[in-house]
Amino acid sequence: QVQLVESGGGLVQPGGSLNLSCETSGFNMDYYAIGWFRQAPGKEREGVSCITSADGNTVYKNSVRGRFTISRDHAKDTVYLQMSSLQPGDTAFYYCAAESLGLQIFRQCVLDPNEYDYWGQGTQVTVSS
């Protein structure tokens, strides 16, 4: 059974940092891209960052590049999102998701949520003073 479980969300002041974790199970991460998405109230879900597990290629949304870092630990079947210099505009529910790549394991991942097959339940990130 495929599962993705997010953790690490919380309340942080502007300029602060948070580290999100996405623990996966039930599938081989080498054949999947893992993405982080977020959704703020009244807004559409948007892609934040993704990583192709086989070779570690990454993609970032322009507004988070240089502030967020995605990484993966194959031994722990976990993908991380390190977030720094957080701003109130980063406040949202954050989700991780998995996209099956089939045999194209080195294809660059994408930030389109419609391409992802499995989703976690999400974790809330609130940036406020």
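Here are some friendly notes on this predicted model, point by point.

1. **Ground rules.** Residue numbers start from 1 along each chain as its sequence is written, and side-chain values use heavy atoms, with hydrogens and water left out. Because the model is predicted, local features need pLDDT of at least 70 and side-chain atom pairs count only at pLDDT 80 or more, while totals for chains, interfaces and linings use all residues.

2. **Secondary structure.** The protein chain has zero helices and eleven strands. Read from the N terminus, its elements therefore run β-β-β-β-β-β-β-β-β-β-β. Both kinds of element are DSSP runs numbered from the N terminus, with helices being H or I of at least four residues and strands being E of at least two.

3. **Overall dimensions.** What radius of gyration does the protein chain have? The value is 14 Å, which agrees with the figure near 14 Å for a compact globule of 129 residues. This radius is taken over C-alpha atoms, and the globule rule is 2.2 Å times the number of residues to the power 0.38. Along the principal axes, the C-alpha atoms fill a box of roughly 45 × 30 × 25 Å.

4. Of the 129 residues, 42% count as buried. Here buried means under 20% relative accessible area, exposed means over 50%, and partly exposed is in between (1.4 Å probe, protein chains only). The accessible surface of the protein chain is about 6,500 Å², and 44% of this belongs to carbon and sulfur atoms. These areas come from the Shrake-Rupley method with a 1.4 Å probe; for residues, only the protein chains shown count as cover. Among contacts (heavy atoms within 4.5 Å) with a separation of 6 or more, 61% come from residues 24 or more positions apart.

5. **Charges.** The protein chain carries 9 positive and 13 negative side chains, and the centres of the two sets lie 8 Å apart. Lys and Arg count as positive, Asp and Glu as negative, with His and the chain ends not counted. Each charge is placed at NZ of Lys, CZ of Arg, CG of Asp or CD of Glu.

6. **The Cys22 and Cys96 link.** With a disulfide defined as a pair of cysteine sulfur atoms within 2.5 Å, the count comes to two. One of them joins Cys22 to Cys96, with an S to S distance of 2.1 Å. Cys22 sits in strand 3 (residues 18-25) and Cys96 in strand 9 (residues 92-100), so this bond ties together parts that are 74 residues apart in sequence. The link is right-handed, with 70° about the S-S bond. Are Cys22 and Cys96 buried or exposed? Cys22 is buried, and so is Cys96.

7. **The Cys50 and Cys109 link.** A disulfide also joins Cys50 to Cys109, with S to S at 2.1 Å. Cys50 belongs to strand 5 (residues 46-52), whereas Cys109 is in the loop between strand 9 and strand 10 (118-119), so the pair connects parts 59 residues apart in sequence. This link is right-handed, with 90° about the S-S bond, and both Cys50 and Cys109 are buried. If you number the bonded cysteines in sequence order, the pairing is 1-3, 2-4.

8. **Val59, a neighbour to look at.** Val59 lies in strand 6 (residues 58-60) and is buried, with a relative accessible area of 18%. Which residues does Val59 touch, not counting those up to four places away in sequence? They are Val48, Ser49, Cys50, Gln108, Cys109 and Leu111. Val59 and Ser49 are ten residues apart in sequence, with their C-alpha atoms 5.4 Å apart.

9. **Positive phi values.** Most residues other than glycine have a negative phi. Asp77, however, has a positive phi near 50°. Asp77 is in the loop between strand 7 (68-73) and strand 8 (78-83), and counts as partly exposed at 30% relative accessibility. Ser85 also has a positive phi, of about 50°. Ser85 is placed in the loop between strand 8 and strand 9, and is partly exposed at 39% relative accessibility.

10. **Glu115.** Glu115 lies in the loop between strand 9 and strand 10 and is partly exposed, with a relative accessible area of 39%. Leaving aside neighbours within four places in sequence, Glu115 is in contact with Glu99 and Val110. Glu115 and Leu101 are 14 residues apart in sequence and 10.0 Å apart in space, C-alpha to C-alpha.
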